[in-house]
Amino acid sequence: GFNLGASAVAFRELAGASRYSQRDVFSGRVLINLGSLEAYAEYAESQLYRLSGIDVMYGSAKYANLDYMLGNLQLGGAYKHYDDFQYRLHDLPLANYHGETLSDALASGADEEGWQVRAAYKLLEKLSVNADYAEAWDTDKDLRMNDLFGAIDFGLGSSNWQLSYSHVEKLDDIRNTWQKEQTPALSTGFSMLKIPIHCSAEFKMVEKQKQQTETKHYEPKVQADIRLGKLSLSLGAQSWWTDFEEITNSRYWANFEAKYSLFTHSDLLLFAGKEAGGKVCRNGVCRYVSAFQGVKAELSTRF
């Protein structure tokens, strides 16, 4: 029930014409599993040098996570503290339900601290509730964010349903900006002729303030995911409007995606239609994409 680990990595990046920077990263981690209690902690240090005008740039990362089971109640929490630890080869845990960064204008890991608490309780065999809340900030408290998620999961016959609410709010005092996203959603999963089908509908409400200008708009979205062996199909439709009276004059996006698993870690994707861009989740995989219209094919390999 007690595990220790350590790692070290050194790599160089092109920093100019015929010049390379050097980064060394050393980390240690511990995992404790005592049945109903599981705890994990990791610490890492980074040294970046061979940069013009800079001797050595030091960075550090601290992350801890704890889960505790008490009958039908599951409790959890996490803590993070990152300082000059932003680089592409390290996937930092963000300690919030939606995987949101502290700021859309700042690389994750540059300067952020935060905590997360979560709880889940099973009321009946097919009825459970869960909640998750997190906050984060930078050293000077100029950047702040909070992330809230709550859901009720229940079963009706052979189908599973989830009624959820998401809330993400970010404040940037330096750029004098603020934004809030609220998203009630309903999703269900069931089988038809032994074919797994997952359907979801959400209604995102977005409020923003930049300087003295305030804006508000709505982003409703519906999606259906179907799995046929190694072939996964996804059909989606999304809209964007500023007022309910403008529904018929709003922008709409409809799309279709087919994914075929060639090998264990390789997928072939075919997409057709329009999408607004941003964080997209299809067939159990979430990623950030750019706005697109047309047809495209992708070969994706994970290793």
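Is Cys286 buried, partly exposed or exposed? Cys286 is partly exposed, because its relative accessible area is 45%, where buried means under 20% relative accessible area, exposed over 50% and partly exposed in between, computed with a 1.4 Å probe on protein chains only.

1. Basis of the note. This is a predicted model, in which local features need pLDDT of at least 70 and side-chain atom pairs count only at pLDDT 80 or more, while totals for chains, interfaces and linings use all residues. Residues are numbered from 1 along each chain as its sequence is written, and side-chain values use heavy atoms, with hydrogens and water left out.

2. The surroundings of Cys286. This residue belongs to strand S17 (residues 285–289); strands (E, at least two residues) and helices (H or I, at least four) are DSSP runs, numbered from the N terminus. Setting aside residues up to four places away in sequence, Cys286 touches Lys279, Val280 and Cys281, where contact means heavy atoms within 4.5 Å.

3. Aromatic pairs, and the stacked one. Five aromatic pairs turn up in a search of the whole structure; rings of Phe, Tyr and Trp (its six-membered ring) pair if their centres lie within 6.5 Å, and planes under 30 degrees apart count as stacked, over 60 as edge-to-face and the rest as tilted. The pair of Tyr97 and Phe149 is stacked, because the ring centres are 3.9 Å apart and the planes stand at 5°. This pair links distant parts of the chain, 52 residues apart, with Tyr97 in the loop between strand S5 (73–83) and strand S6 (111–124) and Phe149 in strand S8 (residues 143–156). Tyr97 is partly exposed, with a relative accessible area of 41%, whereas Phe149 is buried at 4%.

4. The edge-to-face pair. Phe271 and Phe292 form an aromatic pair that is edge-to-face, with 5.9 Å from centre to centre and 65° between the planes. Phe271 lies in strand S15 (residues 266–275) and Phe292 in strand S18 (residues 292–301), so parts that are 21 residues apart in sequence are tied together by this pair. Phe271 counts as buried at 3% relative accessibility, while Phe292, with a relative accessible area of 26%, is partly exposed.

5. A ring cluster and two charges over rings. Phe203, Tyr218 and Trp241 are linked into a cluster by ring pairs. The charged end of Lys296 sits over the ring of Phe292, 4.6 Å from its centre, and the charged end of Arg12 sits over the ring of Tyr20, 4.8 Å from its centre; the criterion is that NZ of Lys or CZ of Arg is within 6 Å of the ring centre and within 35 degrees of the ring normal.

6. Strand S10 (residues 177–192) and strand S11 (residues 195–210) run antiparallel and are joined by 14 bridges, where two strands pair if DSSP finds at least two bridges between them. Within this pairing, Phe190 has Ile197 in S11 as its bridge partner. S10 and S11 form a hairpin with two residues between them, and Leu193 in the turn has a positive phi of about 55°. S11 also pairs with strand S12 (residues 213–228), in the antiparallel sense and over 14 bridges, with Cys199 standing opposite Ala224 in S12. These two strands form a hairpin with two residues between them, and here Gln211 in the turn has a positive phi of about 60°.

7. Two residues of strand S10. Gln179 lies in strand S10 and counts as buried, at 18% relative accessibility. The side chain of Gln179 makes a polar contact with the side chain of Asp104 (3.4 Å); such a contact is a pair of N or O atoms within 3.5 Å, where within protein one must be able to donate a hydrogen and the other to accept it, and residues adjacent in sequence count only if both atoms are side-chain atoms. Pro184 also lies in strand S10 and counts as partly exposed, at 33% relative accessibility. Beyond its neighbours up to four places away in sequence, Pro184 touches Ser164, Tyr165, Ala201, Glu202, Phe203 and Met205.

8. A buried serine. Ser60 is found in strand S4 (residues 54–70) and counts as buried, at 14% relative accessibility. Not counting residues up to four places away in sequence, the residues that Ser60 touches include Tyr43, His81, Tyr82 and Phe85.
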